[in-house]
Amino acid sequence: MPKNEVNSHVKNERESEHTIDRNRFLIRNRGSCSSSSESTTTGNCEDDSNAIRQREIHRFARTFSLQEEQMPLAAPKEDLDDQFSDIHSAFSDSMSGIIGKCGLLEVAFAYDAPVKKMTIHVLQARDIPATDRGRPQYTQVHIVLLPGKKQKQKSKVRHGDNPQFMESFLFHRITPEDVNNMSVRFRLYGCERMRRQRLIGECIISFSNINLQLQSNIWVPLEPRANTAINAMACEVLSLCQSNSTGSMQSMQHGTVPELLIGLSYNGTTGRLSVEIIKGSNFRHVTAAKAPDTYVKLMLLSSTGQELARSKTSIRRSQPNPLFKEMFMYQVALFQLCDVSLMVTVYNKKNIKRKERVGWFIMGRNSSGDEESAHWEEMTQFKGELLSRWHILVES
């Protein structure tokens, strides 16, 4: 037997063993999750497997239909057979159509809404690219829950070109009201000598794009850090364009006046005030041609002007209409809601020690205008619903 055929045979056997181990891991975790709820039965697990199988069949059918449309009408029978065999082999390897510049990562999600917990399974990685220093021998996965970045997890360090992690991580305090506004970031690191780590690739998955009612494993492509930021921003722009916010057209009426689109929501049961900084408009220098480097600072003030909490967004560099999409949470009791004020200030970061104020406005008890006061009142009436409005920045 030729040497290349032997290597191919050994590789196929290893992949089959990895697939068997992965399936055993998922079945074991599904069994543990089902035992925590008396209403879960073995039939549900079978339904999940059937649903996964159906999705694979539908994806194969779509792939075959696209290939069939691209075939010439007078193609020889041999060419059609070759193309069909290629499609069949692609279907056998469920994620061969996904190409990741920095490799692929297989993960799975299981959300338990009653107990507000999310279980994330990190199964394996493959197609890790080689660099000038060679392919990393040891790898590790870092997981961060966004946007708060307060819950972080790390996998064990694994060895090999296609590392098998097979680990589960539990994240707490994920309410059904907030789960669609949250996402998770995976980063794959190569572990080198002297405990140094080199970022191989990352990906960000929004929970709103996942069917959390059905646990299924997903292959996600890892991208360089810069590409991930660009793709995330493109998705956020698309979501903004598709939004039917009542204040989305108000910005077009003020010409070149700097404005900020902000969202407010309040849950009286939990006492949580949510503030989302969405987007800015017309952030420009009066004299300079370059757009400013801006960020937004939030200050929660008491009725006497005492600072209760503060937050700020990351810096958006050289963007006249910056997109932020950052959420901040504050704990405010229901009886205190009418006595607090939220001061929103936009700054231009010139250098390390110097900054200048672009504009500001205040909402709440000491509102700076009628629009700010009306927005705050609407938030108290529509409890739990995020209301987005444009606000003009006061430049003085």
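The model is predicted.

Start with the sheet. It is open and has four strands, in the order β13-β12-β15-β16, with antiparallel pairing. Strands of a sheet pair through backbone hydrogen bonds, either parallel or antiparallel. Two strands stand at the edges: β13 (307–312) and β16 (355–364). Each has a single partner strand, so one side of each is left without a neighbour in the sheet. Neighbouring strands are turned against each other by 20° on average, direction ignored.

Now look at one pair inside this order. Strand β12 covers residues 294–301, and β15 covers residues 341–349. Eight bridges join the two, and they run antiparallel.

Next comes helix α5, residues 370–381. It lies across β15 and β16, and runs at about 50° to β16. Its length can be checked. At 1.5 Å a residue, the twelve residues of α5 should span 16 Å. The end C-alpha atoms are 17 Å apart, which agrees.

Which residues of α5 are buried? They are Glu372, His375, Trp376 and Met379. An α-helix has 3.6 residues a turn, so residues three or four places apart point the same way. On the other side of α5, Asp370 and Gln381 are exposed.

What covers the buried residues of α5? The cover includes β15 and β16. It also includes β10 (259–267), β11 (272–281) and β17 (387–392).

Note on methods. Residues are numbered from 1 along each chain as its sequence is written. This is a predicted model: local features need pLDDT of at least 70, side-chain atom pairs count only at pLDDT 80 or more; totals for chains, interfaces and linings use all residues. Side-chain values use heavy atoms; hydrogens and water are left out. Two strands pair if DSSP finds at least two bridges between them. Axes are lines fitted to C-alpha atoms, for helices over the stretch in contact, and angles run from 0 to 180 degrees between N-to-C directions. Contact means heavy atoms within 4.5 Å. The expected span of a helix is 1.5 Å times one less than its number of residues. Buried means under 20% relative accessible area, exposed over 50%, partly exposed in between (1.4 Å probe, protein chains only).
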